[in-house]
Amino acid sequence: MQKSASTSSLGPGGLDLSQAFFKPIQNTAPPSSTNRNSKISVIGAGNVGMAIAQTILTQDLVDELALVDAKPDKLRGEMLDLQHAAAFLPRTKILASVDYSATVGSDLCIVTAGARQVAGESRLNLLQRNVALFRDIIPPLVKYSPDCILLIVSNPVDVLTYVAWKLSGLPSNRVVGSGTNLDSSRFRFLIADHLDVNAQDVQAYIVGEHGDSSVALWSSISVGGVPVLSFLKKQQIAYEKETLEKIHKAVVDSAYEVISLKGYTSWAIGYSAANLARSILRDQRKIHPVSVLAKGFYGINSNYDVFLSLPALLGRGGVLGVTDVHLTDEEASRLRESAKTIAEVQSQLGL
Ligand SMILES: NC(=O)C1=CN([C@@H]2O[C@H](COP(=O)(O)OP(=O)(O)OC[C@H]3O[C@@H](n4cnc5c(N)ncnc54)[C@H](O)[C@@H]3O)[C@@H](O)[C@H]2O)C=CC1
Ligand SMILES: CC(=O)C(=O)O
């Protein structure tokens, strides 16, 4: 890690040790202006923010990482703790401040600040508390990084992505919610476990709300390129709809179970958000189920300014497009219901 804002290369008597230690090379060209440093800011240094920060560091995604939180001691403690891992990590400058000026020039701002669920509480229950926080968080982020992409993680993530879009004034392709990228990983894990294969070979999407009304796209699941349901039908292998529903229910219940056991979820969302950060900053043009402005897609009412998860192509420009996965009538109707649920919640916000 580089020097942080809190440390200095000045030795006793004001001697610049870096100058004393290295003899400068003469006649060097200035760094290429196109090779600008990349920067991620993480807002909220709680369980989720720190899991994301540490995953980003281990994956060597950026040159600079800024942390912002409302609690200065906790924030400084987290910054120092990460900086002390410098000898084991790729070189990244780590900053931390309660002041949003630390985020200046960010390419990607990841918002995790806010209240979290207690055992048994739904994500939607957090709404009013977190909307109030977003009024303090989003405007300064955009002021200091007008060209950034916003990645929203705080819950309820779909509605808060809409709130962030409204408060930021950014075009919708630059405001993304982590959405069901995490639910889809849980889904792939459970299917892989069921079939005893590697989850990375399972292509499967959960779309819609990150939460109780999410929709499992069973019709498009494939394992190693083999479409699972049509394969079973062709082979005349009977499967019970109940088994499928049980797996989807296990996905929906996952967060509740982890929260009741350890109080919060963190590691999986850490990997999920870092995975999205990679696709965006490294222009991977990968398809992820994430929360995007969904009106007009898959028959979703074009009067609903709702954000919910659809399989979206992500790259350096943010959301580059939405893919047209085949949905059965039942899946499409469940997705529209999920959109309606979110639109009803949003209509009470008065934004
Ligand atoms: N979208 C997803 O898949 C997931 C979302 N979450 C959500 O992430 C959020 C954070 O969860 P945790 O990290 O477990 O909570 P936490 O309580 O550990 O951390 C929240 C942090 O936000 C900070 N904060 C509060 N107000 C702030 C402000 N105005 N400015 C800056 N920082 C502020 C707090 O000081 C605290 O450090 C919750 O809303 C939770 O529901 C959690 C897991 C998965
Ligand atoms: C808390 C939450 O949203 C999750 O782990 O899915």
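1. Start with Asn130. Leaving out residues up to four places away in sequence, Asn130 touches Gly114, Ala115, Asn155 and Leu160. Contact here means heavy atoms within 4.5 Å. Asn130 sits in helix H4, residues 127-144. Helices (H or I, at least four residues) and strands (E, at least two) are DSSP runs, numbered from the N terminus.

2. A caution on the source. This is a predicted model: local features need pLDDT of at least 70, side-chain atom pairs count only at pLDDT 80 or more, and totals for chains, interfaces and linings use all residues. Residues are numbered from 1 along each chain as its sequence is written, and side-chain values use heavy atoms, without hydrogens and water.

3. Is Asn130 buried or exposed? Asn130 is buried, because its relative accessible area is 1%. Buried means under 20% relative accessible area, exposed over 50%, and partly exposed in between (1.4 Å probe, protein chains only).

4. Now Gly46. Gly46 is in the loop between strand S1 (39-43) and helix H2 (47-58). Gly46 counts as partly exposed, because its relative accessibility is 29%. Apart from residues up to four places away in sequence, Gly46 touches Asp69 and Lys74.

5. Next, the record. The UniProt feature "binding site" (unreviewed entry) includes Gly46, Asp69, Asn130 and Asn155. UniProt positions follow the numbering used here, feature names are shortened, and annotations may be inferred rather than shown by experiment.

6. Last, the domain. The unreviewed UniProt entry annotates residues 39-177 as "domain: Lactate/malate dehydrogenase N-terminal". Over residues 39-177, the chain is 39% helix and 19% strand. The end C-alpha atoms of this stretch are 19 Å apart.

How values were computed
Chains are lettered from A and ligands numbered from 1 in the order in which they are written.
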